[in-house]
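These entries record what I looked up about the pockets and the ligand. I kept them in the order in which I made them.

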Amino acid sequence: MTPKFKNPRAKHNFVGRTCSIAGIGSYVPEKILTNHDLEKMVETTDDWITTRTGIKQRRIAAKDEFTSDLAAKAAQRAMKMADITADKIDLIIVATITPDMPFPATACIVQHKIGAKRAAAFDLEAACSGFIYALEIGQQFIMSRTYDTVLVIGAEKLSAITDWTDRNTCVLFGDGAGAAILQNRESAHGLLTAVMGADGEKADLLFMPGGGSKCPATKDSVDARMHYLRMEGKETFKNAVQAMQSAATEVLKRCEIDISRIKCIIPHQANRRIIDAVGERLGAKPEQLFVNLDKYGNTSAASVAIALDEAVHSGRISRGDLILLVVFGAGLTWGAAVIEW
Ligand SMILES: CC(C)(COP(=O)(O)OP(=O)(O)OC[C@H]1O[C@@H](n2cnc3c(N)ncnc32)[C@H](O)[C@@H]1OP(=O)(O)O)[C@@H](O)C(=O)NCCC(=O)NCCS
């Protein structure tokens, strides 16, 4: 039968190709804010923060350093590892809840900063789950042969939306960025599978009420501190453990992989107790879990990307190893992915 029109995708008969992380990189700002520094800002103690969260310090971006700056620096490191120049990049996805401004997309600003003139660019917002959402979306373009090189970034300047008078939240978060170059690598399976999930019924567990169409910025909204994030810590904690466990279980089941075969589990770095509870429920050994939240706190969409970069560059992961990423965030959102590194 003569086709009625030309469908550029159909010529491949939709046979997918695999998608690997060809390069990973991260960047955190220079300024360190320790628990002892926080003791001088709110009624808290290093001991409380350490025992309840595992966090010892976090990085804080400079006044004139924005999410796009952190993202661009992480991207340049990922490009170096992948041995590519910016003109090779077809698409940039930035996962963030702290864009430089509501629009245009921070991804467009990053595109300009790194000189990726050919690339399409957009932001996605899945809070702390953003990096896995971005990986899964980016992977679709590689698999479908639409693009050869996709740059995915998780980047946050959470210090800009943190209420530094609220001890319930200000001790938890930090700034940073992680980036990955996605490409097909003949020699690897790469991203084997990923799950993504959401539950908007629980949107008010972790949110920022002001600054959107529901509550644009006014003097009153600023006075009411509506442009800072708010969180129900205990409920968020319970949901995080449950959602991360079930997402991780689902991806392992799909790949028919027992947890013991996973070289390194890279969980969202929100709270040491959440990580330990998830690890225990999955039947993982403590040494399988990668933890760096003591240094950075919760950097939301950047969290697993920074952790993956550190795990790779510290030698915890080698090419061929199986790794498991698992995340949770506002939305609620969650996700997990199994990757043959
Ligand atoms: C926030 C969190 C650390 C609090 O730990 P918790 O064990 O649940 O603590 P509680 O909520 O029971 O608070 C206990 C007490 O400590 C107090 N407290 C809260 N923050 C404090 C701080 N920084 N320093 C000292 N005391 C603090 C509370 O006011 C409360 O006091 P009260 O009993 O007099 O009311 C924990 O709930 C958590 O990590 N939740 C998940 C957060 C998260 O991961 N969010 C991001 C998801 S992507």
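Entry 1, second largest pocket. I listed the lining of the second largest pocket and found 29 residues, with N168, L172, M231, G233 and N271 nearest its centre. I worked on a 1 Å grid over the protein atoms alone, where a pocket is an open set of points with protein on both sides within 12 Å along at least five of seven lines, and lining residues have an atom within 4 Å of a point. The model is predicted, so local features need pLDDT of at least 70 and side-chain atom pairs count only at pLDDT 80 or more, while totals for chains, interfaces and linings use all residues. Residues are numbered from 1 along each chain as its sequence is written, and side-chain values use heavy atoms, with hydrogens and water left out.

I noted a volume of about 700 Å³ for this pocket, a volume being the space filled by probe spheres set on the grid points, which are joined across faces, edges and corners. Its lining divides into 14 nonpolar, 10 polar and 5 charged residues; Gly counts as polar here. α8 supplies the largest share of this lining, 6 residues.

I then looked up polar contacts, pairs of N or O atoms within 3.5 Å. A ligand nitrogen lies 2.6 Å from a side-chain N or O atom of T44. A ligand oxygen is 2.8 Å from a side-chain N or O atom of R52. At G233, a polar backbone atom is 3.0 Å from a ligand nitrogen. The protein covers 75% of the 970 Å² of accessible area that the ligand has on its own (Shrake-Rupley method, 1.4 Å probe).

Helices are DSSP runs of H or I with at least four residues, and strands are E runs of at least two.

I noted a volume of about 1,000 Å³ for the largest pocket. Its lining holds 38 residues, with I97, P99, I161, M208 and G210 nearest the centre.

Terms used: Polar contact = N/O pair within 3.5 Å; in protein donor to acceptor, adjacent residues only side chain to side chain. 1 Å grid on protein atoms, 1.4 Å probe; cavity = no way out; pocket = protein on both sides within 12 Å on 5 of 7 lines; lining within 4 Å.
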